Amino acid sequence: MKSKHIDKDNIMLEKILLTLVSLAGIALLPMAQAGDRFHDDLSSYDNRRFDDDRWYVAPFGTFIKSGGDRHAKDGWGGGMGIGKMLDRHFNVEMKGFYQEFGGDNGPWSFAGGTVDLQYYFIRDRFSPYAVIGGGAMNSCASANCGIGAIGEAGAGFTYEVHDNFLLRSDVRYRYNNNFNAHVQPGKDEFHDMVVNVGFVIPFGDKPRPPARTEPPVAAAAPAPSRVDRDSDGDGVLDSVDQCPGTMRGARVDNTGCPVRLVLKGQHFQKNSAALTLNAKIILDDTAKSLIADPQKNDIEVQGHTSSEGSSAYNMKLSQRRAQSVVDYLQSKGVTNKLMARGYGESQPIADNRTAQGRAANRRVELIWIE
(Lines give C-alpha, C1' and ligand atoms only; values in the text may rest on other atoms or scores of the structure.)
Protein backbone atom coordinates (compact mmCIF):
# COMPACT_ATOMS: atom_id res chain seq x y z
CA MET A 1 0.00 0.00 0.00
CA LYS A 2 2.84 2.35 0.84
CA SER A 3 4.45 1.81 -2.60
CA LYS A 4 1.21 2.70 -4.41
CA HIS A 5 0.87 5.82 -2.31
CA ILE A 6 4.43 6.89 -3.15
CA ASP A 7 3.86 6.23 -6.87
CA LYS A 8 0.74 8.40 -6.81
CA ASP A 9 2.68 11.19 -5.08
CA ASN A 10 5.44 10.86 -7.65
CA ILE A 11 3.05 11.05 -10.60
CA MET A 12 1.29 14.03 -9.05
CA LEU A 13 4.60 15.90 -8.51
CA GLU A 14 5.66 15.24 -12.11
CA LYS A 15 2.37 16.68 -13.37
CA ILE A 16 2.74 19.74 -11.14
CA LEU A 17 6.31 20.39 -12.29
CA LEU A 18 5.46 20.00 -15.97
CA THR A 19 2.45 22.27 -15.53
CA LEU A 20 4.59 24.95 -13.84
CA VAL A 21 7.13 24.93 -16.66
CA SER A 22 4.39 25.04 -19.32
CA LEU A 23 2.56 27.90 -17.62
CA ALA A 24 5.79 29.83 -17.22
CA GLY A 25 6.47 29.48 -20.94
CA ILE A 26 2.96 30.61 -21.87
CA ALA A 27 3.07 33.55 -19.47
CA LEU A 28 6.41 34.75 -20.80
CA LEU A 29 5.49 34.43 -24.49
CA PRO A 30 4.02 37.98 -24.68
CA MET A 31 7.24 39.27 -23.16
CA ALA A 32 9.21 37.47 -25.86
CA GLN A 33 7.05 39.06 -28.54
CA ALA A 34 7.50 42.47 -26.89
CA GLY A 35 11.23 41.91 -26.88
CA ASP A 36 11.17 41.07 -30.60
CA ARG A 37 9.15 44.20 -31.36
CA PHE A 38 11.63 46.22 -29.29
CA HIS A 39 14.48 44.73 -31.36
CA ASP A 40 12.67 45.47 -34.64
CA ASP A 41 12.05 49.09 -33.63
CA LEU A 42 15.77 49.54 -33.11
CA SER A 43 16.87 47.62 -36.22
CA SER A 44 17.77 50.81 -38.08
CA TYR A 45 20.22 51.79 -35.35
CA ASP A 46 23.41 49.87 -34.62
CA ASN A 47 22.53 48.64 -31.13
CA ARG A 48 25.16 45.90 -31.20
CA ARG A 49 27.56 48.47 -29.83
CA PHE A 50 25.42 48.69 -26.69
CA ASP A 51 25.25 44.95 -25.95
CA ASP A 52 26.39 44.02 -22.46
CA ASP A 53 29.04 41.30 -22.90
CA ARG A 54 30.59 41.21 -19.44
CA TRP A 55 31.63 38.14 -17.43
CA TYR A 56 30.00 37.60 -14.04
CA VAL A 57 29.82 35.37 -10.96
CA ALA A 58 26.50 34.28 -9.48
CA PRO A 59 26.37 32.70 -5.98
CA PHE A 60 22.98 31.23 -5.03
CA GLY A 61 21.06 29.27 -2.42
CA THR A 62 18.71 26.42 -3.33
CA PHE A 63 15.48 24.90 -2.04
CA ILE A 64 14.81 21.46 -3.53
CA LYS A 65 11.36 19.88 -3.56
CA SER A 66 12.17 16.18 -3.83
CA GLY A 67 10.01 13.86 -5.88
CA GLY A 68 8.06 11.09 -4.19
CA ASP A 69 10.23 8.54 -5.97
CA ARG A 70 13.18 9.40 -3.69
CA HIS A 71 11.34 8.55 -0.42
CA ALA A 72 12.90 11.75 0.91
CA LYS A 73 12.13 15.08 2.50
CA ASP A 74 12.69 18.51 1.00
CA GLY A 75 16.14 20.01 1.38
CA TRP A 76 18.54 22.89 0.90
CA GLY A 77 21.83 23.68 -0.76
CA GLY A 78 23.80 26.27 -2.67
CA GLY A 79 26.37 26.86 -5.34
CA MET A 80 28.20 29.26 -7.62
CA GLY A 81 27.87 30.11 -11.29
CA ILE A 82 30.36 31.72 -13.67
CA GLY A 83 28.84 33.14 -16.84
CA LYS A 84 29.06 35.52 -19.75
CA MET A 85 26.46 37.81 -21.31
CA LEU A 86 26.64 37.06 -25.04
CA ASP A 87 24.28 39.71 -26.41
CA ARG A 88 20.91 41.38 -25.80
CA HIS A 89 19.15 38.02 -25.32
CA PHE A 90 21.56 35.24 -24.34
CA ASN A 91 23.75 34.29 -21.36
CA VAL A 92 25.81 31.12 -21.07
CA GLU A 93 26.79 29.92 -17.60
CA MET A 94 28.64 27.08 -15.89
CA LYS A 95 27.64 26.36 -12.31
CA GLY A 96 28.42 23.91 -9.53
CA PHE A 97 26.20 23.03 -6.57
CA TYR A 98 25.83 20.96 -3.42
CA GLN A 99 22.43 19.95 -1.95
CA GLU A 100 21.23 17.56 0.76
CA PHE A 101 18.16 16.36 2.65
CA GLY A 102 16.98 13.44 4.77
CA GLY A 103 15.13 10.34 3.56
CA ASP A 104 13.78 6.93 4.45
CA ASN A 105 17.01 5.28 3.28
CA GLY A 106 19.27 7.70 5.11
CA PRO A 107 20.48 11.19 4.21
CA TRP A 108 20.69 12.22 0.55
CA SER A 109 23.40 14.50 -0.85
CA PHE A 110 24.05 15.83 -4.36
CA ALA A 111 27.19 17.38 -5.83
CA GLY A 112 27.21 18.33 -9.47
CA GLY A 113 27.29 20.95 -12.17
CA THR A 114 25.50 22.09 -15.30
CA VAL A 115 26.02 24.27 -18.35
CA ASP A 116 23.04 26.63 -18.69
CA LEU A 117 21.74 28.70 -21.59
CA GLN A 118 19.52 31.63 -20.55
CA TYR A 119 17.26 33.53 -22.96
CA TYR A 120 16.27 37.04 -21.83
CA PHE A 121 13.05 38.29 -23.37
CA ILE A 122 14.00 41.90 -22.58
CA ARG A 123 16.98 43.51 -20.88
CA ASP A 124 15.79 46.12 -18.42
CA ARG A 125 15.85 46.76 -14.69
CA PHE A 126 13.45 43.79 -14.40
CA SER A 127 14.46 41.11 -16.92
CA PRO A 128 12.54 37.81 -17.25
CA TYR A 129 14.26 34.82 -18.80
CA ALA A 130 13.86 31.15 -19.69
CA VAL A 131 16.63 28.66 -18.98
CA ILE A 132 17.68 25.16 -20.04
CA GLY A 133 20.69 23.27 -18.76
CA GLY A 134 22.39 19.90 -18.71
CA GLY A 135 25.17 18.28 -16.76
CA ALA A 136 26.15 15.58 -14.30
CA MET A 137 25.50 14.92 -10.61
CA ASN A 138 26.91 12.55 -8.00
CA SER A 139 24.02 11.29 -5.85
CA CYS A 140 24.46 9.62 -2.47
CA ALA A 141 21.73 8.00 -0.41
CA SER A 142 23.35 6.99 2.85
CA ALA A 143 26.45 5.01 1.74
CA ASN A 144 25.23 4.32 -1.83
CA CYS A 145 26.63 6.75 -4.41
CA GLY A 146 26.53 7.00 -8.18
CA ILE A 147 27.07 9.51 -10.95
CA GLY A 148 24.21 10.28 -13.30
CA ALA A 149 23.01 12.86 -15.85
CA ILE A 150 20.65 15.76 -15.14
CA GLY A 151 18.62 18.08 -17.32
CA GLU A 152 16.87 21.26 -16.15
CA ALA A 153 14.31 23.66 -17.64
CA GLY A 154 12.54 26.60 -16.08
CA ALA A 155 12.04 30.35 -15.89
CA GLY A 156 13.19 33.23 -13.71
CA PHE A 157 14.13 36.88 -13.58
CA THR A 158 16.86 39.32 -12.61
CA TYR A 159 16.37 42.70 -10.94
CA GLU A 160 19.13 45.28 -11.39
CA VAL A 161 19.91 47.04 -8.11
CA HIS A 162 23.16 48.50 -9.49
CA ASP A 163 25.20 48.21 -12.70
CA ASN A 164 27.35 45.62 -10.90
CA PHE A 165 24.76 43.92 -8.67
CA LEU A 166 21.58 42.10 -9.73
CA LEU A 167 19.18 39.97 -7.71
CA ARG A 168 18.23 36.70 -9.42
CA SER A 169 15.74 33.87 -8.87
CA ASP A 170 14.40 30.99 -10.94
CA VAL A 171 12.34 27.80 -10.58
CA ARG A 172 13.31 24.67 -12.50
CA TYR A 173 12.16 21.15 -13.23
CA ARG A 174 15.07 18.70 -12.86
CA TYR A 175 15.28 15.27 -14.45
CA ASN A 176 17.91 12.90 -13.01
CA ASN A 177 18.95 9.52 -14.46
CA ASN A 178 21.56 7.49 -12.54
CA PHE A 179 22.05 4.81 -15.25
CA ASN A 180 21.66 1.66 -13.13
CA ALA A 181 23.91 3.00 -10.36
CA HIS A 182 21.34 1.63 -7.85
CA VAL A 183 21.73 4.57 -5.47
CA GLN A 184 18.19 3.68 -4.50
CA PRO A 185 17.33 0.03 -5.19
CA GLY A 186 14.78 -0.41 -7.96
CA LYS A 187 14.80 3.24 -9.09
CA ASP A 188 17.22 5.23 -11.29
CA GLU A 189 15.00 8.03 -12.70
CA PHE A 190 13.97 10.94 -10.48
CA HIS A 191 12.01 14.18 -10.88
CA ASP A 192 12.53 17.20 -8.60
CA MET A 193 11.69 20.88 -8.43
CA VAL A 194 14.54 23.31 -7.69
CA VAL A 195 14.15 26.95 -6.60
CA ASN A 196 17.32 29.09 -6.77
CA VAL A 197 17.70 32.53 -5.15
CA GLY A 198 20.91 34.54 -5.36
CA PHE A 199 22.61 37.47 -7.02
CA VAL A 200 24.78 38.30 -10.04
CA ILE A 201 27.98 40.35 -9.91
CA PRO A 202 29.18 41.47 -13.40
CA PHE A 203 32.83 42.45 -13.84
CA GLY A 204 33.74 45.85 -15.27
CA ASP A 205 31.74 48.86 -16.33
CA LYS A 206 28.35 48.46 -17.97
CA PRO A 207 28.50 49.52 -21.66
CA ARG A 208 26.90 52.87 -22.43
CA PRO A 209 25.73 54.37 -25.73
CA PRO A 210 28.56 56.37 -27.32
CA ALA A 211 28.40 60.12 -27.09
CA ARG A 212 26.58 61.61 -30.02
CA THR A 213 28.59 63.53 -32.58
CA GLU A 214 27.09 66.93 -33.30
CA PRO A 215 27.64 68.54 -36.71
CA PRO A 216 30.22 71.33 -36.70
CA VAL A 217 28.92 74.71 -35.70
CA ALA A 218 29.08 77.33 -38.41
CA ALA A 219 32.10 79.58 -38.09
CA ALA A 220 31.35 82.97 -36.64
CA ALA A 221 30.78 85.48 -39.41
CA PRO A 222 32.40 88.89 -39.37
CA ALA A 223 30.38 91.77 -38.01
CA PRO A 224 27.74 92.71 -40.59
CA SER A 225 28.10 95.95 -42.46
CA ARG A 226 25.27 98.10 -43.65
CA VAL A 227 25.33 96.23 -46.98
CA ASP A 228 25.98 92.64 -45.82
CA ARG A 229 23.69 91.56 -42.97
CA ASP A 230 22.47 88.34 -41.35
CA SER A 231 18.75 88.77 -41.90
CA ASP A 232 17.64 85.43 -40.46
CA GLY A 233 20.05 85.49 -37.48
CA ASP A 234 21.60 82.09 -38.18
CA GLY A 235 25.23 83.33 -38.01
CA VAL A 236 25.80 83.29 -41.78
CA LEU A 237 25.86 86.56 -43.73
CA ASP A 238 23.26 87.11 -46.42
CA SER A 239 25.96 87.30 -49.12
CA VAL A 240 26.88 83.61 -48.60
CA ASP A 241 23.63 82.35 -47.08
CA GLN A 242 22.16 79.82 -49.51
CA CYS A 243 19.09 79.23 -47.31
CA PRO A 244 17.69 82.63 -46.31
CA GLY A 245 14.85 82.67 -43.83
CA THR A 246 16.11 79.73 -41.72
CA MET A 247 13.82 79.02 -38.75
CA ARG A 248 14.98 80.32 -35.39
CA GLY A 249 17.08 77.96 -33.27
CA ALA A 250 18.18 75.74 -36.15
CA ARG A 251 21.79 74.57 -36.38
CA VAL A 252 23.15 75.41 -39.84
CA ASP A 253 26.20 74.54 -41.94
CA ASN A 254 28.68 77.02 -43.45
CA THR A 255 26.25 77.86 -46.26
CA GLY A 256 23.46 78.81 -43.86
CA CYS A 257 21.31 75.74 -44.62
CA PRO A 258 19.73 73.91 -41.67
CA VAL A 259 21.07 70.52 -40.59
CA ARG A 260 19.37 70.10 -37.21
CA LEU A 261 16.58 71.67 -35.19
CA VAL A 262 16.12 70.65 -31.56
CA LEU A 263 12.71 71.30 -30.01
CA LYS A 264 13.29 71.50 -26.25
CA GLY A 265 10.90 72.23 -23.44
CA GLN A 266 7.41 71.09 -22.54
CA HIS A 267 6.02 70.20 -25.97
CA PHE A 268 3.71 67.34 -25.02
CA GLN A 269 1.16 66.53 -22.39
CA LYS A 270 2.58 64.25 -19.66
CA ASN A 271 2.89 60.62 -20.85
CA SER A 272 1.13 61.64 -24.07
CA ALA A 273 1.87 62.51 -27.69
CA ALA A 274 -0.60 65.44 -27.66
CA LEU A 275 1.16 68.72 -28.60
CA THR A 276 1.01 71.70 -26.23
CA LEU A 277 0.05 75.19 -27.40
CA ASN A 278 3.70 76.26 -27.08
CA ALA A 279 4.77 73.39 -29.32
CA LYS A 280 2.21 74.31 -31.98
CA ILE A 281 3.45 77.94 -32.05
CA ILE A 282 7.04 76.76 -32.61
CA LEU A 283 5.98 74.23 -35.25
CA ASP A 284 3.88 76.88 -37.08
CA ASP A 285 7.07 78.94 -37.53
CA THR A 286 8.99 75.83 -38.58
CA ALA A 287 6.31 74.92 -41.14
CA LYS A 288 6.43 78.39 -42.70
CA SER A 289 10.21 78.18 -43.09
CA LEU A 290 10.04 74.70 -44.63
CA ILE A 291 7.34 75.73 -47.09
CA ALA A 292 9.33 78.83 -48.14
CA ASP A 293 12.61 76.93 -48.50
CA PRO A 294 13.11 75.88 -52.16
CA GLN A 295 15.36 72.97 -51.07
CA LYS A 296 13.00 70.12 -50.18
CA ASN A 297 15.38 67.86 -48.25
CA ASP A 298 14.06 64.71 -46.61
CA ILE A 299 13.80 65.20 -42.83
CA GLU A 300 13.96 62.60 -40.09
CA VAL A 301 11.84 63.60 -37.09
CA GLN A 302 13.40 61.95 -34.05
CA GLY A 303 11.61 61.40 -30.73
CA HIS A 304 13.69 61.07 -27.54
CA THR A 305 12.77 60.51 -23.89
CA SER A 306 14.43 60.48 -20.48
CA SER A 307 15.13 57.20 -18.67
CA GLU A 308 12.00 57.37 -16.49
CA GLY A 309 9.78 54.34 -17.12
CA SER A 310 10.70 51.12 -18.92
CA SER A 311 12.77 51.07 -22.10
CA ALA A 312 9.94 49.45 -24.06
CA TYR A 313 7.40 52.09 -22.94
CA ASN A 314 9.79 54.96 -23.73
CA MET A 315 10.47 53.53 -27.19
CA LYS A 316 6.75 53.50 -28.04
CA LEU A 317 6.15 56.95 -26.52
CA SER A 318 9.02 58.53 -28.49
CA GLN A 319 7.70 57.00 -31.73
CA ARG A 320 4.20 58.38 -31.10
CA ARG A 321 5.58 61.84 -30.30
CA ALA A 322 7.73 61.92 -33.42
CA GLN A 323 4.70 60.89 -35.50
CA SER A 324 2.60 63.63 -33.83
CA VAL A 325 5.11 66.28 -35.00
CA VAL A 326 5.13 64.81 -38.53
CA ASP A 327 1.34 64.85 -38.71
CA TYR A 328 1.15 68.45 -37.52
CA LEU A 329 3.76 69.74 -40.01
CA GLN A 330 2.03 67.91 -42.87
CA SER A 331 -1.31 69.40 -41.83
CA LYS A 332 0.29 72.84 -42.22
CA GLY A 333 1.29 72.13 -45.82
CA VAL A 334 4.90 70.97 -45.46
CA THR A 335 5.76 68.90 -48.55
CA ASN A 336 9.19 67.60 -47.50
CA LYS A 337 9.37 63.85 -46.97
CA LEU A 338 9.09 63.51 -43.17
CA MET A 339 10.06 60.25 -41.45
CA ALA A 340 9.07 59.69 -37.79
CA ARG A 341 11.46 57.59 -35.74
CA GLY A 342 11.47 56.99 -31.99
CA TYR A 343 14.76 56.39 -30.16
CA GLY A 344 13.37 56.15 -26.61
CA GLU A 345 16.00 56.70 -23.94
CA SER A 346 18.91 55.28 -26.00
CA GLN A 347 20.50 58.66 -26.99
CA PRO A 348 20.70 60.92 -23.92
CA ILE A 349 22.37 64.34 -24.27
CA ALA A 350 22.38 65.06 -20.52
CA ASP A 351 22.57 63.25 -17.17
CA ASN A 352 19.34 61.31 -16.47
CA ARG A 353 20.11 61.40 -12.74
CA THR A 354 19.11 65.07 -12.49
CA ALA A 355 15.78 66.77 -13.18
CA GLN A 356 17.46 69.23 -15.58
CA GLY A 357 19.16 66.40 -17.43
CA ARG A 358 15.93 64.44 -17.82
CA ALA A 359 14.15 67.56 -19.11
CA ALA A 360 16.89 68.08 -21.71
CA ASN A 361 16.64 64.46 -22.84
CA ARG A 362 12.87 64.80 -23.47
CA ARG A 363 13.07 66.41 -26.91
CA VAL A 364 12.21 66.16 -30.60
CA GLU A 365 14.87 66.73 -33.25
CA LEU A 366 14.50 67.46 -36.97
CA ILE A 367 17.48 66.15 -38.96
CA TRP A 368 17.95 67.33 -42.56
CA ILE A 369 19.14 64.45 -44.78
CA GLU A 370 21.47 65.17 -47.66
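Strand β13, which spans residues 363-369, is largely enclosed by the rest of the structure, because six of its seven residues are buried; buried here means under 20% relative accessible area, exposed means over 50%, and partly exposed lies in between, with a 1.4 Å probe and protein chains only. The strands and helices named in this text are DSSP runs numbered from the N terminus, helices being H or I runs of at least four residues and strands being E runs of at least two. The model is a predicted one, in which local features need pLDDT of at least 70 and side-chain atom pairs count only at pLDDT 80 or more, whereas totals for chains, interfaces and linings use all residues. Residues are numbered from 1 along each chain as its sequence is written, and side-chain values use heavy atoms, with hydrogens and water left out.

The partner of β13 is strand β11 (residues 298-304), and the two pair in the antiparallel sense over seven bridges, where pairing requires that DSSP finds at least two bridges between two strands. Within this pairing, G303 has V364 of β13 as its bridge partner. The loop between β11 and α3 (311-331) holds T305, which counts as buried because its relative accessibility is 6%. The side chain of T305 reaches the backbone nitrogen of E345 at 3.5 Å.

The whole structure holds 16 salt bridges. One of them joins D170 to R172, whose closest N and O atoms are 3.2 Å apart, and both of these residues are buried. Another joins D351 to R353, with the closest N and O atoms 3.2 Å apart; here D351 is partly exposed at 34%, while R353 is exposed at 73%. Salt bridges that share partners also join K95, D116, E152, D170, R172 and R174 into one network.

Elsewhere in the chain, β3 (90-101) and β4 (108-120) run antiparallel and are joined by 12 bridges, with N91 standing opposite Q118 in β4. β4 is in turn joined by 13 bridges to strand β5 (residues 126-141), again in an antiparallel arrangement, and a hairpin of five residues connects β4 to β5. In this second pairing, F110 stands opposite S139 in β5.

A nonpolar surface patch of about 600 Å² is made by L86, F90, V92, M94, V115, L117 and I132. Such patches consist of residues with over 30% relative accessible area and no salt bridge, like charges being joined within 9 Å and nonpolar side chains (Val, Leu, Ile, Met, Phe, Trp, Tyr) within 5 Å. Strand β3 gives the largest share of the patch, three residues. M94, which lies in β3, is exposed at 58% relative accessible area.

The structure also holds one disulfide, a pair of cysteine sulfur atoms within 2.5 Å, and this link joins C140 to C145 with an S to S distance of 2.0 Å. C140 is buried at 11% relative accessibility, whereas C145 is partly exposed at 44%.

Note on methods. Areas by Shrake-Rupley, 256 points an atom, 1.4 Å probe, with all protein chains shown as cover. Salt bridge = Lys/Arg side-chain N within 4 Å of Asp/Glu carboxyl O. Polar contact = N/O pair within 3.5 Å; in protein donor to acceptor, adjacent residues only side chain to side chain.
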